[in-house]
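Morning, everyone. Please look at the structure on the screen while I talk.

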Amino acid sequence: AFEMVSEFPAAQFFRLEHQQAGLLYRPVLFHPAGSIYISHNTKPPPQELEKLLTLAGAKLTASKRKAEVCIGMSGLGGGGEGMAVVSESWIIESISEHVMLPIDDFLIDDNGIPIRAESPEL
């Protein structure tokens, strides 16, 4: 099996943790985020992000309408009420830190441009 250890060192950590615990393993890192939708145009590819998120306890959905969080540019509408659109960095950095980082720090607009939680006053 292919594992992106050089790009995502924590992937190996979660896989080994899973192997060690066996059937008792219940990953919870991304559980508090709710349902997560992965856009089709992500970098790394959606399939790789899906593997990482699954290993880290995410609840994935194939429906953008049912998602509470969308990874990558969401395209034209279709998201659920109050859905947060975040960059792929949220996944990678959260896994690297072994903690779900604040979603607000990774919000992006439909063009993939970061949205600042607090804009500096002019």
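I will go through a helix, the cores, an aromatic pair and one serine. Keep in mind that this is a predicted model.

Start with helix α3, residues 89-97. Which of its residues are buried? They are W90, I91, S94 and I95. Now look down the axis. These four span an arc of only 120 degrees, so they sit on the same side of α3. After the helix comes H98. Its phi is positive, near 60 degrees.

Next, the cores. In soluble globular proteins, nonpolar side chains tend to be buried together. Here the largest nonpolar core has 20 residues. Which members touch the most other members? F30, I36, V69, I71, W90 and I91 do. A second core is separate and has six residues. Y37, C70, M83 and V85 are among them.

Take I91 by itself. Set aside its neighbours within four places in sequence, and I91 is in contact with F30, L49, L53 and I71.

Now the aromatics. How many aromatic pairs does a search of the whole structure find? One. The partners are F30 and W90, with ring centres 5.0 Å apart. Their planes stand at 70 degrees, and edge-to-face means over 60, so this pair is edge-to-face. What does the pair tie together? F30 lies in the loop between α1 (9-21) and β1, while W90 is in helix α3, so the pair links parts that are 60 residues apart in sequence. Buried or exposed? The cut-off for buried is under 20% relative accessible area. F30 has 0% relative accessibility, so F30 is buried. W90 is also at 0%, so W90 counts as buried.

Last stop: S35, in strand β1. S35 has a relative accessibility of 9%, so this serine is buried too. What does S35 touch, beyond residues up to four places away in sequence? K59, T61, K66, A67, E68 and V69. Pick out E68 from that list. S35 and E68 are 33 residues apart along the chain, yet their C-alpha atoms are separated by 5.3 Å.

To recap one point: F30 and W90 form the one aromatic pair, and both are among the residues that touch the most other members of the largest core. Thank you.

Methods:
Residues are numbered from 1 along each chain as its sequence is written. This is a predicted model: local features need pLDDT of at least 70, side-chain atom pairs count only at pLDDT 80 or more; totals for chains, interfaces and linings use all residues. Side-chain values use heavy atoms; hydrogens and water are left out. Buried means under 20% relative accessible area, exposed over 50%, partly exposed in between (1.4 Å probe, protein chains only). Helices (H or I, at least four residues) and strands (E, at least two) are DSSP runs, numbered from the N terminus. The arc is that of the directions from the helix axis to the C-beta atoms. A nonpolar core is a set of buried Ala, Val, Leu, Ile, Met, Phe, Trp, Tyr and Cys residues joined through side-chain atoms within 4.5 Å. Contact means heavy atoms within 4.5 Å. Rings of Phe, Tyr and Trp (its six-membered ring) pair if their centres lie within 6.5 Å; planes under 30 degrees apart count as stacked, over 60 as edge-to-face and the rest as tilted.
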